[in-house]
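User: I want to learn how to read a protein structure feature by feature. Can we go through one together?
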Amino acid sequence: MHNVIFDTDPGVDDALALLYLHKHPQVNLLAVTTVFGNAAVESTTHNALFLKQAWGLDAPVARGAAGPLQPDAQPEAWPVHIHGDNGLGNHPVPAQLDVAADPRSAHQLIIDLVRAQPGQVTLVAVGRMTNLALALREAPDIASLVRGVVIMGGAFHVNGNITPAAEANIWGDAEAADIVFTASWPVIAIGLDVTTQVEMDRHGLDALAHAGGADADLVRALSQDYVDFYLQAGHKGMVVHDCCACIALTRPELFEFEHASVRVATDGVARGMTIPKPAGMAFGPSVWDGQAMQSIAIGVDASAVLADIEKTLSL
Ligand code: BDR
Ligand code: CA
């Protein structure tokens, strides 16, 4: 069983990932923590609460960071052309909900839950890594207390998607990402190298809704503009970035990994670039030396991932 804290910025693909975790029989969803990214944190938190209400989640939702660690970092323009004005593909979300956020901050809830179950909790982070970095700064002991960390983020041997160098979750808080990659905890990084290969077309989305009933039909409804965005960008369907990170937890055998220490460029034109130093490669002395070795996905069985999503949502 995987005890999971899901750190997220819903977010269309985040919504699918959340439903996957909720439905998966080997996942015990402990909490949902929110962060800015696909929209302002007020919106991503409201969206997470909307999904909690719609799907009857027991897990608390705690609001997290509104911006990056460095307050003078380049400000974000919310990606309304991808995730809609409200972050959920312009799907109507009621202003009033019957559920409320946990009073704790996201990073405090992460600290509390990790300390309460040493060695048992996996952090699955699919937005800016700010909450994880804040938790590490305040409670460095959690690095040795988590079972593991799985992130959707990075572009290791391919171009980025927000600049030629950087993937959005990393670019949006490069300092936080560098802290997460260099902490002494095991990170599995699912980046654009693999997520861009996992494309769900409208036929697949309809099949998902058919197999998964009303819960999955909500995913289908809020994903329509997101599908259009990816079709116009030349993909065969919507890229299910964040769900890939969840499946790397439940079905790691569907991915191929390399092992490397990773540093993130924190300024300059390559800000947000994730630069691996692969195991066994020799260089001169550098800031990669002595850093934790992490697992970076470099290959994926895309059709098996799509099949696993449909199977899990039909449960
Ligand atoms: C990541 O950025 C967001 O738009 C998605 O939700 C995903 O987490 C992909 O670069
Ligand atoms: Ca996300």
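User: Let me start with Asn 47. Which residues does Asn 47 touch, not counting residues up to four places away in sequence?

Analyst: This is a predicted model. Contacts here mean heavy atoms within 4.5 Å. Asn 47 touches Pro 10, Gly 11, Asn 86, Gly 87, Leu 88 and Val 93, with residues up to four places away in sequence left out.

User: Where is Asn 47 placed, and is Asn 47 buried or exposed?

Analyst: Asn 47 sits in helix α2, residues 41-55. Buried means under 20% relative accessible area. Asn 47 has 3%, so Asn 47 is buried.

User: Now the metal. Which residues are the protein donors of the calcium ion (ligand 2)?

Analyst: Look for the atoms that face the ion. Asp 9, Asp 14 and Asp 242 give OD atoms, and Val 126 gives its O.

User: How are the donor residues of the calcium ion spaced in sequence?

Analyst: The spacing is D-x4-D-x111-V-x115-D. Take Asp 9 and Val 126: the pair links distant parts of the chain, 117 residues apart. Asp 9 is in the loop between β1 (2-8) and α1 (12-23). Val 126 is in the loop between β4 (121-125) and α5 (130-138). Both Asp 9 and Val 126 are buried.

User: Next, helix packing. How do I describe two helices that pack?

Analyst: Two packed helices are described by the angle between their axes and the distance between the axes. Here, α1 and helix α11 (residues 241-250) pack at about 25 degrees, with axes 6 Å apart.

User: Why are α1 and α11 called roughly parallel?

Analyst: Angles under 35 degrees count as roughly parallel. The angle between α1 and α11 is about 25 degrees. Therefore α1 and α11 are roughly parallel to each other.

User: Which residues of α1 and α11 meet?

Analyst: From α1 come Asp 13, Asp 14, Leu 16, Ala 17, Tyr 20 and Leu 21. From α11 come His 241, Asp 242, Cys 243, Cys 246, Ile 247 and Thr 250. By class, this contact has 7 nonpolar, 2 polar and 3 charged residues.

User: What about the largest nonpolar core? Which members touch the most other members?

Analyst: Phe 6, Leu 16, Phe 255 and Ile 309 do, in a core of 61 residues. The largest share, 8 residues, comes from α1. Another core lies apart from it, with 39 residues, including Ile 110, Ile 151, Ala 260 and Val 262.

User: What does Phe 6 touch?

Analyst: Leave out residues up to four places away in sequence. Then the contacts of Phe 6 include Asp 14, Ala 17, Leu 18, Leu 21, Val 124, Val 126 and Cys 246.

User: Lys 23 is in helix α1. Is Lys 23 buried or exposed?

Analyst: The cut-off for buried is under 20%. Lys 23 is at 19% relative accessibility, so Lys 23 counts as buried. Beyond its neighbours within four places in sequence, Lys 23 contacts Asp 215, Thr 312, Leu 313 and Leu 315.

User: Which residues of helix α4 (residues 106-116) are buried, and what covers them?

Analyst: Ala 106, His 107, Leu 109, Ile 110, Ile 111, Leu 113 and Val 114 are the buried ones. Their cover includes β1, β2 (27-34), β3 (61-62), β4 and α5.

User: Last one, strand β2. Which residues does Val 27 touch, not counting residues up to four places away in sequence?

Analyst: Val 27 is in strand β2. With that exclusion, Val 27 touches Met 1, His 2, Val 4, Leu 21 and Thr 250. Val 27 and Val 4 are 23 residues apart along the chain, yet their C-alpha atoms are separated by 6.8 Å. Val 27 has a relative accessible area of 9%, so Val 27 is buried.

Notes: Residues are numbered from 1 along each chain as its sequence is written. Chains are lettered from A and ligands numbered from 1 in the order in which they are written. This is a predicted model: local features need pLDDT of at least 70, side-chain atom pairs count only at pLDDT 80 or more; totals for chains, interfaces and linings use all residues. Side-chain values use heavy atoms; hydrogens and water are left out. Donors are N, O and S atoms within 2.8 Å of the metal (3.2 Å for Na, K and Ca); water is not among the atoms, so sites may look incomplete. Helices (H or I, at least four residues) and strands (E, at least two) are DSSP runs, numbered from the N terminus. Buried means under 20% relative accessible area, exposed over 50%, partly exposed in between (1.4 Å probe, protein chains only). A nonpolar core is a set of buried Ala, Val, Leu, Ile, Met, Phe, Trp, Tyr and Cys residues joined through side-chain atoms within 4.5 Å. Axes are lines fitted to C-alpha atoms, for helices over the stretch in contact, and angles run from 0 to 180 degrees between N-to-C directions. Angles under 35 degrees count as roughly parallel, over 145 as roughly antiparallel, 65 to 115 as roughly perpendicular and the rest as oblique. Ala, Val, Leu, Ile, Met, Phe, Trp, Tyr, Cys and Pro count as nonpolar, Asp, Glu, Lys and Arg as charged, and the others, Gly among them, as polar.
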